Amino acid sequence: MVVKIPTVPLNNGYEMPLIGFGTANAYHDEIIRAVGDAIEAGYRHFDGASFYANEIEVGQAIRQKMEDGAVDRKDLFIVSKLWCTFMSPELVEPALRQTLKDLQLNYLDLYVMHWPMAFEENTDLIPLDENGILKCKNVDYIHTWKAMEACVSQGLVRSIGVSNFNSQQLRRLMDHCTIRPVTNQVEAHVYLSQKPMINLCREYEIVVTAYGPLGRPGLSQNPENDPILLDDPKIKDIAVKYNRTVAQILLRYLTMQGLPVIPKSSSRARIIENLASVDFDLATEDMALITGLNRDYRYLKNEWASHHPHYPFHIPF
């Protein structure tokens with residue numbers, strides 16, 4: 001049975017499914033199988049990026065399911081992201097066209113600027129100097145955004161957005177954009193509630209999309225010291241109360257606030273389990289209890305980029 005996923009309205013009239021399928025850190029046959037399983041389960045929102053180095057396989061899986069008649073293109077919401085080594089304006093459209101070629105698609109539903117930071121071009125995706133220091137590129141993300149706007153005008157993408165922008169960067173973008181971003185995709189979960197960012201984005205009619213909604217299990221940059229969100233005893237108690245899994249409670253806490261989530265799994269059982277997190281509601285008192293667990297704790301800090309002039313995490317939000 002295919003689960004019907006609620007959607008959230010975007011500021012340009014399109015709709016984004018409330019639960020998406022994250023495609024990071026899976027490759028080759030694993031990601032092909034996982035995307036196929038996700039489509040069969042009912043996912044229609046797929047979140048990818050050129051940086052993930054698997055868009056050819058993701059495209060193969062989507063194309064196969066369309067050819068099999070399992071899904072129509074018009075029912076899919078396909079997302080990719082512009083990587084930091086392609087932020088010079090003249091590189092934006094070619095990067096998007098390469099993504100479309102890899103995905104075997106004529107257009108994207110959403111193209112997102114992955115970070116506000118540009119890196120040195122024509123090198124590795126994370127270019128480092130002889131001392132292992134990130135090589136930055138002086139590109140204003142406003143100029144990058146203008147090139148993304150041009151891609152909308154050409155019909156290559158329906159909606160554009162940003163990711164990992166802080167409040168100052170978002171306000172500056174809003175002062176200079178012609179097309180408003182539909183989303184700011186940020187790390188958000190019970191330990192990083194992002195309430196100030198959510199409130200700011202609502203003022204601008206921008207949707208906050210939550211990545212790492214389960215606390216980035218297996219992807220921690222500091223595994224010895226990072227708290228394990230999935231082991232939180234209070235969340236476990238709530239899961240028992242509702243006869244649900246911890247992951248389902250963590251996801252529902254976010255989606256009940258209208259935040260799209262993009263959990264990733266290669267397990268068919270967990271793929272189905274995550275999708276089933278929308279078919280129940282948490283009581284007001286349980287939402288409040290979970291909100292009280294916020295620690296403003298960020299798992300993905302990317303401190304190796306902290307010397308970049310546009311590094312976003314030097315301020316609280």
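E205 belongs to the loop that runs between α6 (195-203) and β9 (207-211), where helices (H or I, at least four residues) and strands (E, at least two) are DSSP runs numbered from the N terminus. The model is predicted, with local features requiring pLDDT of at least 70 and side-chain atom pairs counted only at pLDDT 80 or more, while totals for chains, interfaces and linings use all residues. Residues are numbered from 1 along each chain as its sequence is written, and side-chain values use heavy atoms, with hydrogens and water left out.

**Positive phi angles**

- Although E205 is not a glycine, its phi is positive, at about 60°.
- Q104, likewise a residue other than glycine, has a positive phi near 60°.
- The loop between α3 (89-103) and β6 holds Q104.
- Q104 is partly exposed at 35% relative accessibility (buried means under 20% relative accessible area, exposed over 50%, partly exposed in between, with a 1.4 Å probe and protein chains only).

**Aromatic pairs**

- The whole structure contains 10 aromatic pairs, defined for rings of Phe, Tyr and Trp (its six-membered ring) with centres within 6.5 Å; planes under 30 degrees apart count as stacked, over 60 as edge-to-face and the rest as tilted.
- One of these pairs joins F119 and W304 edge-to-face, at 6.1 Å centre to centre with 65° between the planes.
- Because F119 lies in the loop between β6 (108-113) and α4 (141-153) and W304 in the segment after α10 (284-291), the pair ties together parts that are 185 residues apart in sequence.
- F119 is buried, at a relative accessible area of 1%, whereas W304 is partly exposed at 35% relative accessibility.
- F51, W83, F119 and W304 are linked into a cluster by ring pairs.

**Charges over rings**

- R73 is placed over the face of Y107, 4.0 Å from the ring centre (the criterion is NZ of Lys or CZ of Arg within 6 Å of the ring centre and within 35 degrees of the ring normal).
- R295 has its charged end over the ring of Y191, 4.0 Å from the centre of that ring.

**Packing of α4 and α5**

- Helix α5 (residues 167-176) packs with α4 at an angle of about 50°, their axes 10 Å apart; axes are lines fitted to C-alpha atoms, for helices over the stretch in contact, and angles run from 0 to 180 degrees between N-to-C directions.
- This makes α4 oblique to α5 (under 35 degrees counts as roughly parallel, over 145 as roughly antiparallel, 65 to 115 as roughly perpendicular and the rest as oblique).
- Y141, I142, W145 and K146 of α4 meet Q169, R172, L173 and H176 of α5, contact meaning heavy atoms within 4.5 Å.
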